[in-house]
Amino acid sequence: MSATLSTGTPDVQITETDCFIDGKWVPASSGKTFATVNPATEEEITQIAEGDADDVDAAAKAARHAFENGEWPKMDARDRGRLMYKLADRIESEIDALARLETLDNGKPIGDSRNVDLPLAIDCIRYYAGYADKIHGSTIPIRGNHLCYTRREPIGVAGQIIPWNFPLLMTAWKWGPALAAGCTIVMKPAEQTPLTCLRLAQLAKEVGFPDGVINVIPGFGPTAGAACVKHPLIDKIAFTGEHRTAQIITRDSADTLKRLTFELGGKSPNVIFADADMDAAAQGAYVGLFLNQGQCCCAGSRVFVESSKHDEFLDKLQKLASKRKVGDPFAADTEQGPQVDKDQFDKIMSYIDKGKSEGANCVTGGNRVGDKGYFIEPTVFTDVNDEMSIATDEIFGPVLSVLTFDDKEDMIRRANNTFYGLAAAVWTRDISIAHDFAARVRAGTVWVNCYDVFDAAAPFGGFKMSGYGRELGEEGLKAYTESKTVTVAL
Ligand code: ADP
């Protein structure tokens, strides 16, 4: 690991800091603001409107009005798609500025923002733009002299609550299917990283989205977020975040029986058999955990290696982890930036301490980098057993646990021995083992000889306490529709 901690002064313009309601920028009705902080310097970037229940109420009314009475529901589906293509083009025309804004607010390396998050976000909006005019039901043969068919109708007003790890990409994942389906939106970005979502709202306004179709209320979870969850004019909540928050949302949405889709945490097993290409497997384990400072819900945080190859694998992994360049997220060669905020930083450091005190062997990293900014060394633990907290809890940081196995059946049991079920990977040249593992691991995504391959067309989501429903692909779109059955006597 090498570090450059002084951050260059990025050329970033911040123009949107208010609530975006019914096509207008307005301060929070309370007049309150909160700071968004640069995690590389711990300095305030700017003050943001602190929306609460009153602002959510105004946004929900605007979204409801746009859904029931505005141009949006009457608009030809192809025109809806064209607006979405325009938004994607507009984002692409500002790709460098948006990447800088994302890096400033979140701390992720500029190369990741520019070459991963932004292109995936643009691709997602284009993918769903193409779906806008291809949403349809089916005709169903039923008994008697009847014509029976289904219609796929928009679910209504979608409340969308997103986390801070991929702020702009999560905005695209949420807006894409909702807009294609013809829904209107009240979005609450994460309090740590509101800037790119607010900027996208302005770009949507500029390309011609009608007032009220997209509304954004920055603010905190228990106030603005909870107000979305409870609001009677909001039909659905799409949430990405922690499973504990999802439990609160489930309870808070009971009175209005909202439709819910959740994409939650994980403790994903990444399994390496002795016959695997060890260079590729080490690279896959490295990327699968350290990408985005380890702040990925699908991070491969439990690496199971067949015992006979443990030393060879570990040697390759350590070489990669120890060379990882940690530092100024605006430097072109930086591979790892700071964690998003002090809470996350403290939580990760406490897990590193727990790993050490519970008897695991910290073979790489384990320390803070510098004394300003929330930088942590890429950290690898060996001699980890299944009961240690670093093997059971989602750490959401650059901390990788290496476990070993000798028996395939036992390994599959251990891989599934978690209440999470978001992702899994297997590295082997044996196709029977690969498909057997893919079928038996209880996870929503399985990668074979790869990791973190995402595509807007491929559904993503969790088994067990990693979520309800799927995002992306056709399944992600359907989650923004209701099915209506129409039966006609002939
Ligand atoms: P994290 O710990 O990664 O920040 P959270 O689940 O706490 O994950 O946050 C994800 C998103 O959920 C954020 O936008 C946050 O403000 C929001 N949130 C937090 N608590 C609540 C809540 N009680 N109701 C609705 N949204 C919430």
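Select E474 to start: it is partly exposed, with a relative accessible area of 41% (buried is under 20%, exposed over 50%, partly exposed in between, using a 1.4 Å probe and protein chains only). This is a predicted model, in which local features need pLDDT of at least 70 and side-chain atom pairs count only at pLDDT 80 or more, while totals for chains, interfaces and linings use all residues. Residues are numbered from 1 along each chain as its sequence is written, and side-chain values use heavy atoms, leaving out hydrogens and water.

**Stop 1: helix 15**

E474 forms a salt bridge with K478, and their closest N and O atoms are 3.7 Å apart (the criterion is a Lys or Arg side-chain nitrogen within 4 Å of an Asp or Glu carboxyl oxygen). K478 counts as partly exposed at 36% relative accessibility. Both residues sit in helix 15, which covers residues 473–478. They are four residues apart, about one turn of the helix. Helices and strands here are DSSP runs numbered from the N terminus: H or I of at least four residues for helices, E of at least two for strands.

**Stop 2: a charged network**

Now select E16, R90, E94, R199 and E206: salt bridges that share partners join these residues into one network. Side chains of opposite charge can pair when their charged atoms come close.

Centre on R199, in helix 6 (residues 195–207). Is R199 buried or exposed? R199 counts as buried, at 14% relative accessibility. What does R199 touch, beyond its neighbours within four places in sequence? The contacts are T15, E16, R90, E94, L98 and L101 (a contact means heavy atoms within 4.5 Å).

E94 lies in the loop between helix 2 (77–93) and helix 3 (95–106), so its pairing with R199 in helix 6 ties together parts that are 105 residues apart in sequence. E94 also counts as buried, at 16% relative accessibility.

Across the whole structure, the search finds 32 salt bridges. For another one, select E153 and R151, whose closest N and O atoms are 2.7 Å apart. R151 is partly exposed, at 41% relative accessibility.

**Stop 3: the nonpolar cores**

Select W175, F209 and F313. In the largest nonpolar core, of 95 residues, these three touch the most other members. Helix 5 (residues 167–181) supplies the largest share of this core, ten residues. A core is a set of buried Ala, Val, Leu, Ile, Met, Phe, Trp, Tyr and Cys residues joined through side-chain atoms within 4.5 Å.

Setting aside neighbours within four places in sequence, W175 is in contact with L87, Q160, I185, M187, C197, L200, A201, I214 and V216. Another core, of 30 residues, lies apart from the largest one; its members include F304, V384, A434 and V441. In soluble globular proteins, nonpolar side chains tend to be buried together.

**Stop 4: a surface patch**

Go to L147, in strand 7 (residues 146–154). L147 is partly exposed, with a relative accessible area of 37%.

**Stop 5: two positive phi angles**

Most residues other than glycine have a negative phi. Select N449, whose phi is positive, about 55 degrees. N449 lies in the loop between strand 20 (445–448) and strand 21 (467–468). D452 is found in that loop between strand 20 and strand 21 too, and its phi is near 60 degrees. The accessibilities: N449 is partly exposed at 38%, whereas D452 is buried at 14%.

**Last stop: zoom out**

Show everything. The protein has 15 helices and 22 strands. Its C-alpha trace spans about 70 × 60 × 40 Å along the principal axes. The radius of gyration is 23 Å, which agrees with the value near 23 Å for a compact globule of 490 residues (taken over C-alpha atoms; the rule is 2.2 Å times the number of residues to the power 0.38).

Buried residues make up 57% of the 490. Of the contacts between residues at least 6 apart in sequence, 74% join residues at least 24 apart.
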